[in-house]
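Me: I would like to go through some of the labels used for this structure and the values behind them. Please set each value against its cut-off.

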Amino acid sequence: MSAQERPPALPSRAAPDAAEWDAGNGYEAVAPHWFYCKVTGGRERWLPFSTQDSERLEEAHGAGKDKGDVVVPTSGGRYDVHLKQRQRVAVFWEEEVSEVRRCTWFYKGDKDNKYVPYSESFSEELEEAYMIAVTLDEWKKKLESPSREVIILHNPKLMVHYHPAATSDDWGSTPTEQGRPRTVKRGVENIAAEIPNGEPLQIDHLVFVVHGIGPACDIRFRSIVQCVNDFRSVSLSMLQAHFRKAQEQQQIGRVEFLPVNWHSSLHSTGVDVDLERITLPSISRLRHFINDTILDAFFYNSSTYCQTILDTVASEMNRLYLLFLQRNPDFKGGVSIAGHSLGSLILFDLLTNQKAAPEDEHSREGTEVTSSSRGAEEVKEILKKLDLSEYCPVFEKEKIDGEALFLCAERNLEEMGIPLGPRMKLLHYISSRREVQDTKEQSAAGQHSTTASRDGPYPDVSLGQVSANYPQLLYKPAIFFAFGSPIGMFLTVRGVKRINPDYSLPTCKGFFNIFHPFDPVAYRIEPMIVPDLEFEPMLLPHHKGRKRMHLELKEGLTRMSVDLKNNLLGSLRVAWQSFTRAPLAAVEGVSSEGEAEAEASTEKQPDPKPEEAPAPAKEDPSLIIVGKLNGGNRIDYVLQEKPIESFNEYLFALQGHLCYWESEDTVLLVLKEIYQTIGVTLDQPLPGSQ
């Protein structure tokens with residue numbers, strides 16, 4: 001967009017007259033674009049904001065020059081940009097603050113040939129010199145930066161940057177004779193920068209993602225934040241490819257994925273120092289790797305550290321949920337959770353210990369008003385009992401009912417303006433009520449699990465869980481996705497050999513167990529529910545709508561080999577029978593009889609075929625009923641291995657456990673199931689999908 005078309009509030013900072021088109025001299029002000037600096041492994045990379053974020057920043061910059069610090073949300077609301085400090089700050093997780101620049105001029109870097117933006121002040125000098133050169137048609141202009149770098153403007157298409165190789169000119173050489181010249185470009189449109197498209201503003205669903213063991217989540221040793229960023233990016237591309245109609249009709253926006261980190265909290269308890277004292281000095285790298293990763297699974301089986309992990313995961317998801325609602329007050333969508341590896345087991349244990357609401361789905365309609373008024377009356381009775389009736393108006397103003405009161409912490413009461421004395425009374429009452437309730441529930445659960453394990457064929461799924469106080473979530477997840485999950489193995493080790501087909505998670509109705517066929521950590525769930533029936537897991541369809549070619553070829557060769565074997569055996573039988581028949585007079589009868597027997601044997605040959613052909617579950621998955629854990633639908637879903645992975649499954653076992661973050665097939669299944677809850681389907685159903 002030309003400078004003449006821009007609103008008056010968006011002038012370039014190059015010069016007072018730079019925002020206007022001068023038809024006489026051909027000068028047009030440069031269009032700025034905003035960048036931020038990402039430091040990875042000690043290397044700086046300048047990345048552009050999306051077009052919509054850059055326009056939003058430019059608008060706020062033009063409107064807030066005379067104001068204080070202006071904060072602009074970017075990257076779908078996950079980062080805030082403080083314009084005055086020129087800083088980009090993460091909102092939902094801890095991350096180093098990034099520098100932000102309003103960029104107009106760039107030079108090519110030395111290492112990776114990526115263009116680097118000049119500082120804003122020096123870019124203004126360059127723009128002013130460029131404007132004078134264009135206006136007066138006087139080129140060969142030379143500018144020197146504060147770091148003694150020289151830029152020469154030869155003509156509008158040739159501008160060169162000379163980086164001094166030495167710190168002084170003691171030998172009489174000029175700066176232009178030092179260093180290798182580098183290209184200078186004006187405007188972001190001339191540097192071929194990959195500017196992101198941006199994200200839809202509307203958020204339809206929120207998904208919390210919990211990582212597994214260790215601080216690294218993939219084969220490149222990246223953090224959970226980076227892996228979830230990849231997962232989110234793949235989801236945006238899958239939405240454009242498979243939900244285009246719904247997007248064009250503005251039925252949907254996007255799904256937000258937020259990472260949940262518990263590893264740092266666990267290892268900040270001082271346990272690393274204790275482990276360091278007892279760790280042997282030999283093979284130190286391997287031992288440190290084991291201490292930092294594999295031992296997380298053992299920590300989770302310790303009652304002390306299991307409580308720390310559970311509290312961290314639940315409190316972090318509740319904190320992120322409240323913060324998300326605060327920043328997105330118009331959000332009306334649902335919430336789902338996803339866990340990778342050990343993270344899926346943590347979520348499963350949390351979900352099995354959630355308490356269902358007092359009113360179930362059948363009695364919820366028409367009772368919301370009465371239940372809320374009943375909750376307000378309950379709060380009044382509690383305050384009256386504690387001689388704190390004078391604070392009833394405060395609780396009524398904040399719409400605190402009985403359930404909300406028991407979720408209040410001291411900080412919440414302090415923010416409401418409750419003095420210290422009444423605050424202590426309320427907190428003591430809440431904690432005492434919680435202890436009584438937990439004691440009753442633990443005794444009831446103990447009796448129930450003992451009875452179930454002793455008398456019934458289906459032990460309780462919480463049997464063998466670590467003794468801990470399982471926190472409650474502030475929301476009811478719609479779906480639980482498990483990636484590369486060891487849930488089945490842990491349940492078996494705990495003594496749960498079978499899961500009751502009538503069992504479902506108390507507050508979550510959907511459960512999907514997704515795994516790679518070579519994942520050494522993943523285990524199935526469905527055989528624990530239907531142990532008497534052998535069937536394959538659901539094969540996840542390829543996101544491009546077909547089975548991978550090497551799998552089709554493998555199945556075709558398998559069928560061909562079975563047919564060849566059957567035909568060969570039939571021919572051998574006929575030949576053997578013809579040789580063993582002695583009388584020549586009966587040759588014709590024998591041959592006809594042999595042919596009949598051969599035909600009969602050929603007809604009988606397909607008997608072993610059902611064992612080698614695809615299982616019935618693959619052909620008609622709707623006939624397989626696997627209980628209520630996923631609402632009667634299939635639970636186990638297996639990815640299709642890539643062609644290179646099929647050569648040696650052992651070589652790609654580790655990759656198979658860490659492949660989910662960039663798997664289009666996994667992301668597409670997650671999106672399909674999430675949007676089905678609101679009645680939105682794929683543009684074209686994928687073959688083999690349920």
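Me: Why is Glu673 called buried?
Reply: This is a predicted model, and in it Glu673 has a relative accessible area of 11%. Buried means under 20%, so Glu673 falls into that class.

Me: What makes Lys672 and Glu673 a salt bridge?
Reply: Their side chains meet at 3.0 Å, N to O. The rule asks for a Lys or Arg side-chain nitrogen within 4 Å of a carboxyl oxygen of Asp or Glu, so the pair qualifies. Lys672 is buried too, with a relative accessible area of 10%. By this rule the count comes to 24 salt bridges.

Me: How do you know that Arg634 and Glu526 form a salt bridge, and which parts does the pair tie together?
Reply: The N to O distance is 2.8 Å, and the limit is 4 Å. Arg634 lies in the loop between α21 (616–619) and β19 (636–638), while Glu526 belongs to helix α17 (residues 526–529), so the pair ties together parts that are 108 residues apart in sequence. Arg634 has 0% relative accessibility and counts as buried; Glu526 is buried as well, with a relative accessible area of 0%.

Me: What makes Arg254 and Glu256 a salt bridge, and are they buried or exposed?
Reply: Their side chains meet at 3.2 Å, N to O, against a limit of 4 Å. Arg254 is at 2% relative accessibility and counts as buried, and Glu256 is at 1% and counts as buried. Both residues are part of a network of salt bridges that also links Arg78, Glu199 and Arg232.

Me: Why are α3 and α23 called roughly perpendicular?
Reply: The axes of α3 and helix α23 (residues 664–676) cross at roughly 65°. The class runs from 65 to 115 degrees, so the two helices are roughly perpendicular to each other. Their axes come within 9 Å, and the crossing is right-handed.

Me: What makes the phi of Phe221 worth a remark?
Reply: Phe221 has a positive phi of about 60° although it is not a glycine. Most residues other than glycine have a negative phi. Phe221 sits in the loop between β13 and α3. At 63% relative accessibility it counts as exposed, because the cut-off for exposed is over 50%.

Me: Why is Ile213 called partly exposed?
Reply: Ile213 has a relative accessible area of 30%. Buried is under 20% and exposed is over 50%, so Ile213 is partly exposed. Ile213 is in the loop between β13 (203–210) and α3 (224–242). Together with Phe221, Ile283, Leu286, Phe289, Ile294 and Phe298, Ile213 makes a nonpolar surface patch of about 720 Å².

Me: How do you know that helix α10 is largely enclosed?
Reply: Eleven of the eleven residues of α10 (residues 342–352) are buried, so the helix is largely enclosed by the rest of the structure. Among them are Leu342, Ile346, Phe348, Asp349 and Thr352.

Note on methods: Residues are numbered from 1 along each chain as its sequence is written. This is a predicted model: local features need pLDDT of at least 70, side-chain atom pairs count only at pLDDT 80 or more; totals for chains, interfaces and linings use all residues. Side-chain values use heavy atoms; hydrogens and water are left out. Buried means under 20% relative accessible area, exposed over 50%, partly exposed in between (1.4 Å probe, protein chains only). Helices (H or I, at least four residues) and strands (E, at least two) are DSSP runs, numbered from the N terminus. Patches are made of residues with over 30% relative accessible area and no salt bridge: like charges are joined within 9 Å, nonpolar side chains (Val, Leu, Ile, Met, Phe, Trp, Tyr) within 5 Å. Accessible areas come from the Shrake-Rupley method with a 1.4 Å probe; for residues, only the protein chains shown count as cover. Axes are lines fitted to C-alpha atoms, for helices over the stretch in contact, and angles run from 0 to 180 degrees between N-to-C directions. Angles under 35 degrees count as roughly parallel, over 145 as roughly antiparallel, 65 to 115 as roughly perpendicular and the rest as oblique. A crossing is left-handed if the near helix is turned anticlockwise from the far one by less than a right angle, and right-handed if clockwise.
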